[in-house]
Amino acid sequence: MKFAVINDLHAQFAPRPKHPGYPGANGRAEWMLRQFANGGAHADVDFVIGAGDLIHGEDLNSIRAEMKALRGKLKQVAVPFYPCCGNHEIKQQEGDEDYERPYTKAYGKDRFDYAISTERVEIIVLNNAGTFHVTAKRREQRAERFEQMLRARSGVPKIVVCHVPLVSIRNRDVLHRSFGFRIYRCLEVELLDLLDTVGCDVRLVISGHLHLTGMVRRRGVYHLATAGTASFPHDYAMVNVSRNRMSVAVRALPKALHEPTSNIHGPPRYEKNYTDAKHPHPLTYLRGLASERRFTIQL
């Protein structure tokens with residue numbers, strides 16, 4: 001089985017967007033979606049997962065228009081498409097029916113917390129887009145649903161896909177500064193506790209949100225975040241699952257589509273580039289080390 005994970009397209013396909021987006025984001029988003037059309041380079045995948053922030057969506061009107069326009073673009077995708085909610089799909093208004101309606105209208109009401117069951121693995125799609133801004137009731141519901149999905153199909157290897165990483169993908173203090181937002185990881189600690197206590201089947205967690213690529217291992221679980229297409233370095237992930245292993249490869253978009261000024265962890269957003277102890281060069285801070293971009297997990 002082979003599938004792709006794309007994220008953070010920040011597409012603004014609707015005409016006359018009110019809010020400026022990422023330079024060249026629409027062109028890169030269109031290129032990405034064409035890869036899964038008939039005759040595209042990745043038309044042989046079994047399915048695609050969109051791990052959040054596929055639209056830019058800065059207000060309710062933008063969310064409505066951009067979600068509708070994206071849905072039209074997704075018609076070219078020739079394989080099943082599974083969505084995961086990102087904060088820009090709902091503008092951190094999780095639980096607000098008006099803000100959630102464009103998403104549910106596009107994908108269905110059952111596409112917030114759900115599982116993709118395959119012969120080899122169980123894929124848990126978890127909506128944590130509203131972390132920190134979420135109500136106590138919704139937070140409790142999310143944890144209960146996550147526990148249910150973790151306990152299902154005991155013994156079957158599991159992959160979790162969510163928008164906001166469950167752990168810090170870079171040195172925590174540096175990432176907090178370079179990302180510039182409080183939510184550089186999921187702030188619902190009970191989800192990580194559930195992963196530790198009842199998530200023994202989980203092998204891999206895939207997320208986006210950070211606009212950089214990296215992988216860390218925590219208690220035997222691989223946590224991968226990919227940059228997405230809107231921001232440099234413009235990455236997405238491919239996952240191959242065989243009987244005994246999962247092979248994960250992060251791929252970059254063609255260099256002709258790269259736009260260094262779309263980087264949010266350095267100039268022009270900041271006067272300086274950011275690095276940490278394990279990533280002493282600005283480019284490795286953004287792209288991750290080779291071992292973070294290609295790795296194999298034994299099942």
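How many disulfides does the structure hold? In this predicted model, the number of disulfides is zero. A disulfide is a covalent bond between the sulfur atoms of two cysteines. Cys186 takes part in no disulfide, and the nearest cysteine sulfur, which belongs to Cys162, lies 7.0 Å away. Cys186 is buried, with a relative accessible area of 3%. Cys200 is likewise in no disulfide. For Cys200, the nearest cysteine sulfur is again that of Cys162, at 18 Å. Cys200 has a relative accessibility of 63% and counts as exposed.

The model also contains an open sheet of six strands. The strand order is S4-S5-S6-S7-S9-S8, and the pairing is mixed. Strand S4 (114-117) and strand S8 (214-218) form the edges, each pairing on one side only. On average, neighbouring strands of this sheet are turned by 20 degrees against each other, with direction ignored.

Within the sheet, strand S5 (residues 122-126) and strand S6 (residues 158-162) run parallel and are joined by five bridges. Val125 has Val161 in S6 as its bridge partner.

A helix is placed against part of this sheet. Helix H5 (residues 136-151) lies across S4, S5, S6 and strand S7 (202-207). Relative to S5, the helix H5 runs at about 175 degrees.

Note on methods
Residues numbered from 1 in each chain as written. Predicted model: local features only at pLDDT ≥ 70, side-chain atom pairs only at ≥ 80, totals over all residues. Heavy atoms only, no water. Pairing = 2+ DSSP bridges. Helix = DSSP H or I, 4+ residues; strand = E, 2+ residues; numbered from the N terminus. Axes fitted to C-alpha atoms, helices over the stretch in contact; angles between N-to-C directions. Contact = heavy atoms within 4.5 Å. Disulfide = S-S within 2.5 Å. Buried < 20%, exposed > 50% of the residue type's maximum accessible area, 1.4 Å probe, protein only.
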